[in-house]
Every structure is written in C-alpha cells, then in structure tokens.
Amino acid sequence: MQIDAEQQVTDFLDVLRFQQRVSPHTLANYSRDLGQLKRYCDVHGIPCWDALIPRHVRDHIASRHIEGLSSRSLQRELSAIRSFLNFLVKRRQVPDNVARGIRPPKSPRKLPALLDADQMTGLLEGEQDDELEIRDVAMWELFYSSGLRLSELVSLEIQDLDLNAGSMLVRHGKGQKSRILPVGQCACQAIERWLVLRSRYAHAGEKALFVSKRGNRIAGRTVQLRLERWQRKLGLPEHVHPHMLRHSFASHILESSGDLRAVQELLGHANLSTTQIYTHLDFQHLAAVYDQSHPRAKRRRPGSSVT
C-alpha cells in the first residue's frame, strides 16, 4: 500500500494510545488486525483505503474464517476495521465506512466455566504456607467477592479500598469506566492480613495494593501463574483461571438474587446482553435441581413397570 495509507494507520493507533488511552492489549490487537487487512490489500493490489469496497472486506473476513479464526476473533477484527474507517471518515480521508453492516459467521456461544460454592470454599480456605500465599488468597477472595477482571485487580491501589465501609473504587474498568463495588467481610479480612505483610515487599512510594516479591505492582501473568500453582497445590482437577472466579461470582449472585441488572452493574458490563449469558448458567442449575427432585422428571429405566 501507499506510504500515506500506512501513516493513516499509525495516526489512528496514536489516537487510541494517547487520547483514548486504551489498554496495551487492546492496542496490540488493533495493530495486528489492521496489519492483516493491510496484507490483504497488498496481495490484491489495493493501493489505499479509499479504494476499499464492501466486497473486499467480506472477502478478507471470509479468508480469515477459512484460516480457522473463531467468530469472536473475526468480530474483533471487524470492530477494529470499522473503528479505523470511522476515524478516516471523520477526517474526510475516505467517503464512507465500507465495513458497516458486515457480520462475521456465527458460532455457538460457549458458556463460561465456573466453580460451585463448595469448590470456591475449598479454593479460598486452603492452608497458606508462606507470606506470598497470604497475598494470593487475598487476591482470590477479592476476585470472588467483587467480580473483578484481572486487569482491574492488578490496577488497584491502596487508596482505592475502604475496608471500614467494605467498598472499593475500580478506576480502570473496561473502556476506562470507573465503578464502586462492595467488598465482602472475608475479602476484607484477607486483605487486612496481606496489608500487615505488604510493607516488607513494596518499594517506597509503590501505590499498588498487590505487589510481587520484587516490590513492584504485580503483573497479570504472575497472578495467573500463582492461581495455577495454588490449584495444583490443592489438587483441584479443573484448570482454574482468574476469569473463572469472576464467572463464579456472577453466577452465584444471580442464582441467589435473580437480579440481572444488579449483576450487570457489579460486573461493569456496558450492555445487558453481555450479562445475560449468566441466565443460561442459572437455568442449568435450576434444571439440574428439577431433574434430581421432581418425582415425574426422572426417566424410567427400560422394562420397568409401575407398581
């Protein structure tokens, strides 16, 4: 493609980085997705973004589907393309967003894996053998207490918590939206135990609530590895990851309250449709209870007779 076309991509990524302040992960995804589109244009002799037509975008997405990308990944690529073309439209560098209205192939929506209440209790009440495991359990308690995303947990600072009130401020939610969340009693107690030890690890001036053994803000990957280590130590058969604790939080709250709007607010979902996945999980639980308890729900064995 022409040099001007490459500069337009750079300008768009700079806006995301410096003005919209998207996360490094999101920025990397947009850069990669637009790089794929640029490669398509290079192969098909499309010199500039103004030369794109809807058929090109459909053909590009179809070829990515053939390569094995999931519907979710294709939706992300389309979102990146639409956002970029909207950027060019606003700058009057292209006349129209030719990706508008194009949809990726649909795939079955997978239900998120989660732990039941007994499994969560076992995870949170495992014996802690050292100071870093005290920190780890405080993180697991906070995930489950408040339904945090991994990025939200590692971004927390000490000043964001009010343990006396049992609340915290999430400053860096998805889309840079903040929200105030309750913190349960067990999580407050676990955090208090960690705070007694934190000064032994944290560098002077470090504001992060959770720090690594090197004294800096703990990294998301470190949290994932520590949870995997904790899972192996407890002998849990299922792979446990931070998002599973968030899923478990949401499902257990919905199961007890039935208040989908409240769960949406707690999770920080922009759209209720995102939260509705948990209604399917709740129905699965109700269906299992029904099958086990209703006298006319159980199927008779072949050849059995009514007495």
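**Notes on the predicted model**

1. Leucine 161 touches Ser167, Met168, Ile191 and Leu209, leaving aside residues up to four places away in sequence. This is a predicted model, and in it leucine 161 belongs to strand β1, which covers residues 161-162. At a relative accessibility of 16%, leucine 161 counts as buried, because the cut-off for that class is under 20%.

2. Ile191, one of the residues touched by leucine 161, also takes part in the contact of helix α6 with helix α8. Helix α6 (residues 131-146) and helix α8 (residues 185-198) pack with their axes 8 Å apart and at an angle of about 150 degrees, which makes α6 roughly antiparallel to α8. The crossing of these two helices is left-handed.

3. On the α6 side the contact includes Glu131, Ile134 and Arg135, while among the α8 residues that they and their neighbours in the contact meet are Cys186, Ala190 and Trp194. The residues of this contact of α6 with α8 divide into nine nonpolar, one polar and four charged.

4. The structure holds zero disulfides. For cysteine 48, the closest cysteine sulfur is that of cysteine 41, and at 9.0 Å it is too far for a bond; cysteine 48 is partly exposed, with a relative accessible area of 23%.

5. Cysteine 188 is likewise in no disulfide, the nearest cysteine sulfur being that of cysteine 186 at 9.3 Å, and its relative accessible area of 8% makes cysteine 188 buried. Although 27 residues separate leucine 161 from cysteine 188 in sequence, their C-alpha atoms are 9.4 Å apart in space.

How values were computed
Residues are numbered from 1 along each chain as its sequence is written. This is a predicted model: local features need pLDDT of at least 70, side-chain atom pairs count only at pLDDT 80 or more; totals for chains, interfaces and linings use all residues. Side-chain values use heavy atoms; hydrogens and water are left out. Helices (H or I, at least four residues) and strands (E, at least two) are DSSP runs, numbered from the N terminus. Buried means under 20% relative accessible area, exposed over 50%, partly exposed in between (1.4 Å probe, protein chains only). Contact means heavy atoms within 4.5 Å. Axes are lines fitted to C-alpha atoms, for helices over the stretch in contact, and angles run from 0 to 180 degrees between N-to-C directions. Angles under 35 degrees count as roughly parallel, over 145 as roughly antiparallel, 65 to 115 as roughly perpendicular and the rest as oblique. A crossing is left-handed if the near helix is turned anticlockwise from the far one by less than a right angle, and right-handed if clockwise. Ala, Val, Leu, Ile, Met, Phe, Trp, Tyr, Cys and Pro count as nonpolar, Asp, Glu, Lys and Arg as charged, and the others, Gly among them, as polar. A disulfide is a pair of cysteine sulfur atoms within 2.5 Å.
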